[in-house]
Protein chains: 2
Amino acid sequence: MDPATVVVDAAYERAFAAIDADPRNEMLVLLEGADGQGDGGAVLGCVQVTYIPGLGKGGAERALVEAVRIRADRRGGGLGRVLMDHTIERARSRGCALVQLTSNKRREDAHRFYGRLGFARSHDGFKLAL
Amino acid sequence: MDPATVVVDAAYERAFAAIDADPRNEMLVLLEGADGQGDGGAVLGCVQVTYIPGLGKGGAERALVEAVRIRADRRGGGLGRVLMDHTIERARSRGCALVQLTSNKRREDAHRFYGRLGFARSHDGFKLAL
């Protein structure tokens, strides 16, 4: 399907607007040509980051990473690494003490990827659907 | 130590002010007497909740729970359950699709507690200290 033909439900438009308007939420988008190669413009991947103030960690923020996505036909070529390296560096520049994320226990490939990036698999992630 | 004598570093005061000012962050505090018993007023526990907009879950928010704390001398008496039930109900009322949290893999007691509340231990939690 041509991405340009995707019909977006109004609820998703509202969610995107909420992310866009919130100084503690951002969607980082990896574009073709961002490395100076190619014509540029096509979306290759994205990630949502939430900067959370807290009373631990000396009062520093933590960066929560959600919804890491790389375009299906471009996986396995190191783009996830580019996207996550940028995300981590951005959190560091902002003064965050920690980057955190959860990954489904079945996704062993993703777990190896986060391990290579330096993440410790120290916690269990609990979810309650409402 | 008398809680009234705690000296709070300025960084923590700024972090608390940031939580307090952010409509997507809140600190829920469990007070003695909130159930109508006792004189009331003493802090028995607290939890921080962050409401995160996102492009999954039909555009609904998710509630991230951090820093669940019950006063050391009042643990084991069901106060954690009171605090978490209230947290979950508050997220539900707001229209959140999900409540999520992470817990250190060593804390098997906490994992049983979250299991009893209905949480699924479906994910691994990754942390990168900056």
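**Rings and the A–B interface**

Let me start with a cluster: A:F113, A:Y114, A:F119 and B:F126 are linked by ring pairs. Rings of Phe, Tyr and Trp (its six-membered ring) pair if their centres lie within 6.5 Å; planes under 30 degrees apart count as stacked, over 60 as edge-to-face, and the rest as tilted.

Before going on, some ground rules. This is a predicted model, in which local features need pLDDT of at least 70 and side-chain atom pairs count only at pLDDT 80 or more, while totals for chains, interfaces and linings use all residues. Residues are numbered from 1 along each chain as its sequence is written, chains are lettered from A and ligands numbered from 1 in the order in which they are written, and side-chain values use heavy atoms, with hydrogens and water left out.

Back to the rings. Over all chains, there are 6 aromatic pairs. One of them joins B:F113 and B:Y114, a tilted pair with 5.2 Å between centres and 55° between planes. B:F113 is buried at 18% relative accessible area, and B:Y114 is buried too, at 7%. Buried here means under 20% relative accessible area, exposed over 50%, and partly exposed in between (1.4 Å probe, protein chains only).

Now the interface. How many residues does each chain bring to the contact? Chain B brings 51 residues and chain A brings 51 residues, where contact means heavy atoms within 4.5 Å. The two chains bury about 4900 Å² between them, 60% of it on carbon and sulfur atoms. B:F126, B:K127 and B:L130 supply 18% of the area chain B buries against chain A, more than any other three residues. Buried area is the accessible area (1.4 Å probe) that two parts lose on being put together, summed over both.

Next, charges. The rule finds 8 salt bridges across the interface of chain B and chain A; a salt bridge is a side-chain nitrogen of Lys or Arg within 4 Å of a carboxyl oxygen of Asp or Glu. B:E66 and A:R62 form a salt bridge through their side chains, at 3.0 Å from N to O.

Last, one residue. B:N104 lies in strand β4 of chain B. Helices (H or I, at least four residues) and strands (E, at least two) are DSSP runs, numbered from the N terminus. B:N104 is buried, with 19% relative accessible area. Which residues does B:N104 touch, not counting those up to four places away in sequence? They are A:S122, A:H123 and B:H111.
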